Amino acid sequence: LVAAAQRGELRAQEVLVKKYGLMVNGLCFRLLGSREDLDDLVQESFLQAFRSLKTLDKPEAFRGWLSAIVVRTAHNLIRRRRLMSRLGLRATRPVAVEDLIAPGAPLEAMFELGSIYRAVQGLPAKARIALVLRRIEGWQLDEVATLMGASLASVKRWLTDADRVLAAERTERGVRR
Amino acid sequence: MNRPELRLDEHMIDAASQADVARQWLRIEAKLAKPVARGHAWLLIPGAVGAAVAVALVLSASHVRPSAPSAPAPSAPMAARRVAAPVGPQALAGDGARVETGSETARTLALADGSRIALGAGGSVLLAHSGKNEVRLVLERGKADFDVLPDAGRRFVVAVADVDFVIAGARFVVSVSDGAAGKTVTAAVERGTVEVRRPNARSLLLAGESWSGGVTATPAASNERGAAPEDARSLLAVATRARWQGRQRDAAAALEKLCRRFPNDPRAALAAFELGRIQLDTLHEPARAAQSFQLAMTLAREPVLREDAAARRTEALDRGGDASACRSAREAYLSEYPTGAHAGRVTGFCRDR
């Protein structure tokens, strides 16, 4: 399928979108923390993937390769949002945590998700992405590094920064762990 | 890659359904059809503050999300030059898609068949329907230049209030303006032919000819106030419009009518699914939503839609407190789709009842 898409076969590209679309939407949604710009991010991620698909040597690695493209594209979008906000051209909207959590989620998960999404709003883009990939998506440190195209040391540094903000957020709300 | 530890992602709401993915594919497909280019306007993060300000100003100048392909990440002077250039065409795809331009910005839109629309400042255009036999756009306000490619098998209609312009491979400009006596529509044909259809009259415009007339009501509003739409497509258009305008109960009523009157129509399954979503997520009527998702499962021809509907039906039964039916629906889903896209969420429904 991937090989056919590499040859530019539209039908194969369509099947790939439909096969991996939910995964990509989910990853984009969790990285952004909202549905705002979700469609644009998903579409742009697939477009980037198809335009550079010929560079993928191992078709069996498509899923991870696509995830890395999603992460990179989301990073650019988050940076752009920050830039617009700093220039006063975009309102900074707080993440509506209650709109993100599934009905019936266990209390522990609700607590964690609430803390993380409140904290990410104050984090630099890379720390934010590292935190979501590690704590929400559940990737290992080396996998986060691969997805972000960064060194393990950088990821550890970003996560340390993120943990500091997370701890401050919990302290502010009087939560002790 | 391994996925260890507590999976918080499983406790978040679904980002999208397979129907959303199908809609996204249409837009991706439209963009893939264009010449290959790298980068993306809204992804540019220029290295210099001056260029950043310029880019940000351009991006914020329109209500439309920029989506034009662009060159690789630029140096500051390059970025500044790009800002001065016109923004490339944006794909217009998916029934109900609407594009609005700001008071000082114009926009070029591209349809999947290659036709182009240059929407002037302060304009608004709605893609009411895009099907095999007909494309129907509604110019809600402003001025637009349509460059329509000929397609013998498909009607291309631009509706402005109660006037339909039926285009057979033509380039023409339409504008709608508000005056003391109501709305006025003006159309001028540059190339090809355009048929003008009014409630009681028809006329043909050839290249170089123009037409102008007053209009009173929008086609959709007429439908909603007057005789009920008679086919599935019109009902779907009414529902889409109602949803865009925030009239969720009207949208639900139109979708319900579509499912009841045209159960064999290919759109009926998706209509039932959308009806369930509105009832569950917006109207908070889980019992009715469960029925609608059940109907979507029965009507669906695509396995993915049937699976989405089965998952959401379980959710609706859970939210409605029908523990017995919820457990039964959950077991049925997990039995049929043990590794399904929603298996994680469905497992969590009606667990403690």
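Me: Is α3 of chain A mostly enclosed by the rest of the structure or mostly open?
Reply: Helix α3(A) is largely enclosed by the rest of the structure, because 12 of its 14 residues are buried. Buried here means under 20% relative accessible area, while exposed means over 50% and partly exposed lies in between, with a 1.4 Å probe and protein chains only. Helices (H or I, at least four residues) and strands (E, at least two) are DSSP runs, numbered from the N terminus.

Me: What should I know about the model and the labels before going on?
Reply: This is a predicted model, in which local features need pLDDT of at least 70 and side-chain atom pairs count only at pLDDT 80 or more, while totals for chains, interfaces and linings use all residues. Residues are numbered from 1 along each chain as written, chains are lettered from A and ligands numbered from 1 in written order, and side-chain values use heavy atoms, without hydrogens or water.

Me: Back to that helix, which of its residues are buried?
Reply: The buried residues of α3(A) include Leu38(A), Leu41(A), Val42(A), Phe46(A), Leu47(A), Ala49(A) and Phe50(A). Asp39(A), Asp40(A), Gln43(A), Glu44(A) and Ser45(A) also belong to the buried set of this helix.

Me: Which residues touch the most other members of the largest nonpolar core?
Reply: In that core of 71 residues, Leu31(A), Phe46(A), Phe62(A), Tyr117(A) and Leu133(A) touch the most other members. A nonpolar core is a set of buried Ala, Val, Leu, Ile, Met, Phe, Trp, Tyr and Cys residues joined through side-chain atoms within 4.5 Å. The helix that gives the most to this core is α2 (residues 10-32) of chain A, with 12 residues.

Me: And what is Leu133(A) in contact with, apart from its sequence neighbours?
Reply: Once neighbours within four places in sequence are set aside, Leu133(A) is in contact (heavy atoms within 4.5 Å) with Leu27(A), Leu31(A), Val71(A), Gly138(A), Trp139(A), Val144(A), Leu147(A) and Met148(A). Another core lies apart from this one and has 40 residues, among them Ala232(B), Ala242(B), Ile278(B) and Ala296(B).

Me: New topic: how many helices and strands does chain B have?
Reply: Chain B has 11 helices and 11 strands, and buried residues make up 49% of its 353 residues.

Me: What about the strands, say β7(B), is it mostly covered or mostly open?
Reply: Strand β7 (residues 155-160) of chain B is mostly covered, with five of its six residues buried. Two strands pair if DSSP finds at least two bridges between them, and β7(B) runs parallel to β6 (residues 134-147) of chain B, with five bridges joining them. On its other pairing, with β8 (residues 163-179) of chain B, the sense is antiparallel, again over five bridges.

Me: Which residues does Phe156(B) bridge to?
Reply: Phe156(B) is the bridge partner of Val135(B), and its own partner in β8(B) is Ile167(B). In the hairpin of β7(B) and β8(B), two residues lie between the strands, and Ala161(B) takes a positive phi near 55°.

Me: How many bridges join β8(B) to β9(B)?
Reply: There are 14 bridges between β8(B) and β9 (residues 182-198) of chain B, which run antiparallel, and Ser175(B) stands opposite Thr186(B) in β9(B). β8(B) is also antiparallel to β6(B), through six bridges, and there Gly142(B) has Val176(B) as its partner.

Me: Last one: which cysteines form the disulfide?
Reply: The structure holds one disulfide over all chains, between Cys326(B) and Cys350(B), with the sulfurs 2.3 Å apart; a disulfide is a pair of cysteine sulfur atoms within 2.5 Å. The pair links distant parts of the chain, since Cys326(B) is in helix α10 (residues 323-336) and Cys350(B) in the segment after α11 (343-347) of chain B, 24 residues apart. The torsion about the S-S bond is about -80°, so the disulfide is left-handed, and both Cys326(B) and Cys350(B) are buried.
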